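Student: I would like a close look at a single part of this protein. Please take it slowly enough that I can follow along on the model.

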Amino acid sequence: MSIQIPRGTQDILPGNVEKWQYIEAVARDICRRYNYKEIRTPIFEHTDLFLRSVGETTDIVQKEMYSFEDRGGRNITLRPEGTAAVVRSFVENKMFGNPTQPTKLYYNGPMFRYERPQAGRYRQFVQFGVEALGSDDPAVDVEVISLALELYRTLGLKKIKLVINSLGDYESRRAHRDALTKHFSSSISEFCMDCQSRLEKNPMRILDCKKDRDHKLMKNSPSILDYLNDYSKTYFDSVQQYLKDVDIEFEVDPSLVRGLDYYNHTAFEIMSDAEGFGAITTLCGGGRYNGLVEEIGGPNTPGIGFALSIERLIAALHAEGIELPVESMIDCYVATLGDLANQKSVSIVSQLRKAGLSVEKDYQGKKIKAQFKTADRLQAKYVVVLGDEELNRDVVNVKEMSSGEQNEVAIDSLVSHITDKLSRGEM
Ligand code: ATP
Ligand code: MG
């Protein structure tokens, strides 16, 4: 029996991978403009890192981690998200000591979660994310939100909306927590087992429950916004003011609580409201996590970031019918007629490639007609035809495929002939 791809994973094949490359190039360019630098951390980390940073009451830690013991008896986990490793690296490499703060980092790479696979939900997926560590200026919150939105907008998405909330500081959260405990405790037996244990450990996470979202107590649950202290309220007001200053529309949704334990103050999500996108509408999630660096053993350092998956981004593009301008054309196909021409084509192809062109030739001994068919299939802009007879005269035939125009060109000037035409935008 043949072996198949593991559930919840996908091959990204040529023809499709160009989209990924395009998106990743756009993301990199936006990071360059916002001055975020790339960081690459390992695919696996010590399991303890995620227990401490993602938090024991989250779905990720409770149900979704790919954890194993390695041959040396260490507890290892394939990373389920990016923030923990970035913060670990920030602390380990003492980036808090760098003269320029905040430290602004981005990552792009595979994450692993043992989930029930469905549209927009994979077991291996690629997250692009940024983290800004070392400033609690609300303008940084808005910078991070702008960066995420800019990626979606640059790629052409229109049907997206930004939803924000504040989770407040420690004091505000504690007051809210007490109110939630009071609100839910009398009827907690009507909730799922997860929520029953959340009531004690972290009642705010009940609000994020997917099973109990329609319970009547969810509708009138105490709003965090009524429990923000002065500092938290002022902070949230500044974030909203800056968003208005840079013309970003938003909704405030007090029920937005991110899954991870370490968030405080600003929390945000970017959702798609494109028709046909399906049940999963969250494209991007992020927020502030001022306690996390200390939790990982570093000095008290504020931080904020977001993560989004390329898979859901592509699904959103699809839902809005957006085709990315990816090119799969090649510049030149070298076709040959005769044995001598076939031998000579090896060096001609090499010269054209050295000049920076994308070039293909036949390696299957095909007839000239079949070679032209291949050139068509590859969408070659030019076909260079080498025939034994022409080679005796040191010339080749160059056919421009879009116009059908043909020219006899001296072999010595072939490279410049084609590069000139391409740079003039002819094809
Ligand atoms: P959800 O509520 O959909 O499970 P989450 O809260 O687990 O999302 P985060 O951990 O905040 O998601 O991850 C940030 C982003 O990563 C999500 O908004 C989504 O775009 C993407 N994402 C999360 N899990 C998956 C997955 N299994 N497959 C594809 N993308 C994912
Ligand atoms: Mg999840």
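Student: Which domains does the domain assignment of the protein give? After that, please go through the second largest cavity and the salt bridges.

Tutor: This is a predicted model. The domain assignment gives domain 1 as 17-169 + 229-319 and domain 2 as 332-423. Taken over C-alpha atoms, the centres of domain 1 and domain 2 are separated by 49 Å.

Now the cavity. The structure holds two cavities of 30 Å³ or more. The second largest cavity has about 30 Å³ of space. Its lining consists of Thr-57, Gln-62, Asp-194, Ser-197, Arg-198 and Lys-201. Helix α7 (residues 193-201) gives the most to this lining, with four residues. By class, the lining has three polar and three charged residues, and no nonpolar ones.

Asp-194 leads from the lining to the salt bridges. Asp-194 is one of the lining residues, and its side chain meets that of Lys-63 in a salt bridge, 2.9 Å from N to O. Lys-63 lies in helix α3 (residues 59-64) and Asp-194 in helix α7, so the pair ties together parts that are 131 residues apart in sequence. Are the two partners buried or exposed, or in between? Asp-194 counts as buried because its relative accessibility is 17%, under the 20% cut-off. Lys-63, at 43%, counts as partly exposed.

Two further salt bridges each sit within one helix. Take Arg-88 and Glu-92: their side chains meet at 2.8 Å, N to O. Both lie in helix α4 (residues 83-92), four residues apart, or about one turn of the helix. Arg-88 counts as buried at 18% relative accessibility. Glu-92 is exposed, with a relative accessible area of 54%.

The pair also has a wider setting to compare with. Salt bridges that share partners join Asp-59, Lys-63, Asp-194, Arg-198 and Lys-211 into one network. Asp-194 and Arg-198 of this network are also among the residues that line the second largest cavity.

The other one is in helix α1 (residues 17-34). Arg-32 forms a salt bridge with Asp-29, with the closest N and O atoms 2.9 Å apart. Arg-32 and Asp-29 are three residues apart in the helix, so about one helical turn separates them. Arg-32 counts as exposed at 57% relative accessibility. Asp-29 is partly exposed, with a relative accessible area of 33%.

As for the total, the count comes to 22 salt bridges.

Definitions and conventions
Residues numbered from 1 in each chain as written. Chains lettered and ligands numbered in written order. Predicted model: local features only at pLDDT ≥ 70, side-chain atom pairs only at ≥ 80, totals over all residues. Heavy atoms only, no water. 1 Å grid on protein atoms, 1.4 Å probe; cavity = no way out; pocket = protein on both sides within 12 Å on 5 of 7 lines; lining within 4 Å. Points joined across faces, edges and corners; volume = space filled by probe spheres on them. Helix = DSSP H or I, 4+ residues; strand = E, 2+ residues; numbered from the N terminus. Nonpolar A, V, L, I, M, F, W, Y, C, P; charged D, E, K, R; others polar. Domains from an automatic or database assignment. Salt bridge = Lys/Arg side-chain N within 4 Å of Asp/Glu carboxyl O. Buried < 20%, exposed > 50% of the residue type's maximum accessible area, 1.4 Å probe, protein only.
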